[in-house]
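Subject: Structure handover

Hello,

Here is the structure you asked to look through. Please open it beside this email and follow along.

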Amino acid sequence: MYNCVICRYHEIATKGNNRNMFERCLCDNIRHLLKDMKEDIQVRRVRGRVWIEKCDKSVFDSDMLERIKSALSRAFGLESFSPAILLPADMDVIRDTVRGFAKGIFDGYSKGVKFRIRARRSNKRFPLTSKDIEIDLVSLVAQEVGSDLFIIDLDNADITLGIEVRDEFSLIYFDTFEAPGGLPVGSNPRVLTLLSGGIDSPVAAYMIMKRGSATDYVTFHSSPYTPQETVDKVEALAALLNTYQVKGTLHVVNLLPLQKIIRDCCSERMRTVLYRRAMFRIAEKIAEKTNCRALVTGESLGQVASQTVVNLDTINRSTTMLVLRPLIGEDKLDTIAIAEKIGSMELSSVQVPDSCTVFSPSSPSTSVPAALAAKEEEKIENYMQMIDQIVMDAEAVTPQSGWTASLQ
Ligand code: ATP
Ligand code: MG
């Protein structure tokens, strides 16, 4: 019976002059998420809301509604949405419509179900107030189904019938579904996420996309010391993350040549920090080449030896680019909860060797001063040329999600 899906946003509404840009970006993203049905539907802005309707104004079938629900659950910037019936702003038409489906409202519920009607009226010329509309329609429903079928409960209803009366039209809906919130991806410049196969970095990428930045990814492997699965797993994670944005390229980098030299020339206990500094330098160069304006990592203060304040500082000094660390103060359990919600946990939990563990020291230093790290790097002949060579050898791939299938 629904001929419209009404989408609500919250944070965008607080924007001033550039609100228009955010709204346009949100609509473009919704169109992209619904590209499979682009011939049949239209997405438009109507006074602080986004609407999805069929081009021929007919009702959505249940398959279409399911696809729309699944797409909107990935639309950053949206707070909630409801499949709705779009009607003229005319009380007689509203009454006729409610009369038409009144009996169906309680299908599947037993006697005594808690019911309420919530009306909102932004059209102040409409002859009835919100309260009047609610009272009018509740008595109409009672007439149709009998007043002993339901009890009115304004605070804790099992069924809520929502009505909005606007200037040119009105809307009726039942269900309100949650959307992820945040800002539309693409409303902030593109960034580059250092994506490992772990739990944290996919969540970090998700959180930054939720704040409006589309992301590319860079991953480091140590082939042949790490197997092909190391990269395949990250590619599957990137493909999953890409379902929240239009496009994200994965740069695949073999760090092994540098790791071997670090092993041979530098202090063993500093290896992890030196690997990380090399990763940042390589990532910075890729970001500059590809127009990404910041790096993103899944680092979280104190989580492992390389993430102490001193080591984070030493790692950070290897780049002048902004590094975003959305998980810096996050509890691991909270990060896991997000990973589960977005579906990355299942992939991240599969154990495959990680590039950082290649030649990793049994007792890494938790405090490598930046000056000391720089001194160690001076021992490496042609260090910066090696970095440049590794950047040149990086492979850019469009992530495919095939690895998930091969897991099952
Ligand atoms: P994650 O769960 O994201 O791997 P972690 O808690 O295991 O994080 P580390 O392995 O120390 O922590 O990595 C810290 C951050 O450095 C990661 O979140 C990621 O952004 C980056 N990083 C680490 N290893 C790699 C890699 N092999 N490729 C790309 N980025 C990496
Ligand atoms: Mg890791």
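A residue counts as buried when its relative accessible area is under 20%. Glutamate 53 has a relative accessible area of 3%, so it is buried. Keep that cut-off in mind, and keep in mind that this is a predicted model.

**Salt bridges**

Start with glutamate 53. Its side chain meets that of arginine 44 in a salt bridge, 2.7 Å from N to O. Arginine 44 is partly exposed, at 34% relative accessibility. The structure holds 28 salt bridges.

Next, look at arginine 190 and aspartate 216. Their side chains also form a salt bridge, with 2.7 Å from N to O. Arginine 190 sits in strand S10 and aspartate 216 in strand S11, so the pair ties together parts that are 26 residues apart in sequence. Arginine 190 is partly exposed, with a relative accessible area of 25%. Aspartate 216 is buried, at 7%.

Then find arginine 281 in helix H8, which covers residues 271–289. What does arginine 281 form a salt bridge with? The partner is glutamate 377, and the closest N and O atoms are 3.2 Å apart. This pair links distant parts of the chain: arginine 281 is in helix H8, glutamate 377 is in helix H12, and they are 96 residues apart. Is arginine 281 buried or exposed? Its relative accessible area is 13%, so arginine 281 is buried. Glutamate 377 counts as buried too, at 8% relative accessibility. Leave aside the neighbours within four places in sequence. Arginine 281 is then in contact with Ser318, Glu377, Tyr383, Met384 and Ile387.

One more group belongs here. Arg47, Arg125, Asp167 and Glu168 are linked in a network of salt bridges.

**Strand S11 and its partners**

Go back to S11, the strand that holds aspartate 216. How many of the residues of S11 are buried? The count is 10 of 11, so the strand is mostly covered.

S11 pairs with strand S10 (residues 183–194) in the parallel sense, over six bridges. Leucine 183 stands opposite arginine 211 in S11. S11 also pairs with strand S12 (residues 250–254), again in the parallel sense, over five bridges. There, tyrosine 217 has leucine 250 in S12 as its bridge partner. The chain crosses from S11 through H6 to S12, and this β-α-β crossover is right-handed.

**Aromatic rings**

A pair of aromatic rings is described by the distance of the centres and the angle of the planes. The count here is 10 aromatic pairs. Tryptophan 51 is in strand S3 and phenylalanine 169 in strand S8 (residues 169–173), so the pair ties together parts that are 118 residues apart in sequence. Tryptophan 51 is buried, at 1% relative accessibility. Phenylalanine 169 is buried at 11%.

Phenylalanine 115 and phenylalanine 150 form another edge-to-face pair, 5.2 Å centre to centre and with 70° between the planes. This pair links distant parts of the chain, 35 residues apart: phenylalanine 115 is in strand S5 (residues 113–121) and phenylalanine 150 in strand S6 (residues 150–152). Phenylalanine 115 is buried, at 0% relative accessibility. Phenylalanine 150 is buried with a relative accessible area of 6%.

Phe76, Tyr206 and Tyr244 form one aromatic cluster.

The charged end of arginine 8 sits over the ring of tyrosine 173, 5.0 Å from its centre. The charged end of arginine 263 sits over the ring of phenylalanine 359, 4.5 Å from its centre.

**Backbone details in the loops**

Which residues does a cis peptide bond join? They are serine 223 and proline 224, and omega is about 5°. Proline 224 is in the loop between strand S11 (211–221) and helix H6 (228–242).

Lysine 57 is not a glycine, yet its phi is positive, near 65°. It is in the loop between strand S3 (49–54) and helix H2 (62–72). Lysine 57 is partly exposed, at 42% relative accessibility.

Asparagine 382 also has a positive phi without being a glycine, about 55°. It is in the loop between helix H12 (370–378) and helix H13 (383–393). Asparagine 382 counts as partly exposed, at 44%.

Best wishes

Technical notes. Residues are numbered from 1 along each chain as its sequence is written. Chains are lettered from A and ligands numbered from 1 in the order in which they are written. This is a predicted model: local features need pLDDT of at least 70, side-chain atom pairs count only at pLDDT 80 or more; totals for chains, interfaces and linings use all residues. Side-chain values use heavy atoms; hydrogens and water are left out. Helices (H or I, at least four residues) and strands (E, at least two) are DSSP runs, numbered from the N terminus. Buried means under 20% relative accessible area, exposed over 50%, partly exposed in between (1.4 Å probe, protein chains only). Rings of Phe, Tyr and Trp (its six-membered ring) pair if their centres lie within 6.5 Å; planes under 30 degrees apart count as stacked, over 60 as edge-to-face and the rest as tilted. A charge sits over a ring if NZ of Lys or CZ of Arg is within 6 Å of the ring centre and within 35 degrees of the ring normal. Two strands pair if DSSP finds at least two bridges between them. A crossover is right-handed if, with the strands pointing away from the viewer, the path from the first strand over the helix to the second runs clockwise. Contact means heavy atoms within 4.5 Å. A salt bridge is a side-chain nitrogen of Lys or Arg within 4 Å of a carboxyl oxygen of Asp or Glu.
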